[in-house]
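Subject: Structure handover

Hello,

Here is the structure for your files. My notes on it follow below.

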Amino acid sequence: METNNYAGIPDKHAKLDNAKVVLIPVPYDGTSTWQKGADKGPEAFLEASKNMELYDIETDTEVYKQGVFLTDPITENRSPEAMVDAVHEITKKYIKRNKFVTVFGGEHSISIGTIRAFDECFDNLTVLHIDAHADLRSEYEGTKCNHACAVYEASQKTNLIQVGIRSMDVLERSVMNEDKTYFAHDMVTDEYWMDNAIDQMTDNVFITFDLDAFDPSILPSTGTPEPGGLFWYETLEFLKEVFKEKNVVGFDIVELCPNKIDKSSDFLAAKLYYKMLSYKFMGQKVDQEYEGAQTEKDSSKTKKLNLYDDEN
């Protein structure tokens, strides 16, 4: 896939040394079970990003000036496990360089690797999972690294909060913490769901955003669309408050399945990514150093990461 500068930004804002943000594309679609094409998602997202206005009206910012470094895509596809290992390794490498690391998939199985990296690097992590599907199977179709297993590991090792859920297997209820699950049909009538979800979060939050969380009327181009989803402004309202109240340490966006006729989904994904960056860096000066406050867990203690150790 073509890998020019993110959103066509000038080179001075796209170099790793100058960038606060790292964007890792993962064009992987090895375990999806209905509509294929999520491997084309990163390319469609990047193409749409080149056609955005880079001034955000709401935040009165041009967040690209904080610097966004676009890595080479992760193309490991020998097996789901090999892909997860590659995503984990590369994500962790950039976290350790004190970057705000973001990942764009690809199907949701890529998030197993990203979440694992962030959980190893940040103490007491909350994973905010925004999705139509619970993705809590411990194993599916012979692998623990299936898209249907995307947050099972997170449910066992982190503070998992799930938002927008409206499709699941009955067996997933035995794993799910329903006190921290916000079902779409309940959210419609619960005016306090945003506040309640944020109250359950720890200080450090990683967001994994499956685009099928959106209602298919505004984002049809995804592998498994489900009716009754989120809309644009309620989603932004929630995300803005999460970024305001918590230390969002990174995020991934997955499951864009582009089609040749309708490009609106690609553009929505591009705007969502840019909005999330805008919320993260709102109020931060361009010359202000990014402080990720990352720590790495070590069985009995927490220690500061060696930012330039690329061994792991």
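Predicted model: local features only at pLDDT ≥ 70, side-chain atom pairs only at ≥ 80, totals over all residues.

Strands β4 and β5 (residues 159-165) pair in the parallel sense over 5 bridges; two strands pair if DSSP finds at least two bridges between them.

Residues are numbered from 1 along each chain as its sequence is written, and side-chain values use heavy atoms, with hydrogens and water left out.

β4 also pairs with strand β7 (residues 204-210), to which it runs parallel, through 6 bridges. His129 stands opposite Thr208 there. Of the 6 residues in β4, 6 are buried (under 20% relative accessible area; exposed is over 50%, partly exposed in between, with a 1.4 Å probe and protein chains only). Both faces are covered: Leu125, Val127 and His129 lie on one side, and Thr126, Leu128 and Ile130 on the other.

Some backbone geometry to check next. Most residues other than glycine have a negative phi, and most peptide bonds are trans. Asn98, in the loop between α2 (80-95) and β3, has a positive phi of about 60° and is buried at 13% relative accessible area. Asn124, in the loop between α3 and β4 (125-130), has a phi near 55° and is partly exposed at 48%. The peptide bond joining Gly105 and Gly106 is cis, with omega about 20°; Gly106 is in the loop between β3 (100-105) and α3 (110-121).

For the chain overall, there are 8 helices and 10 strands. The radius of gyration, taken over C-alpha atoms, is 18 Å, close to the 20 Å that the globule rule gives for 312 residues, so the chain is as compact as a globular protein of that length. That rule is 2.2 Å times the number of residues to the power 0.38. Buried residues make up 56% of the 312.

Regards

Terms used. Helix = DSSP H or I, 4+ residues; strand = E, 2+ residues; numbered from the N terminus.
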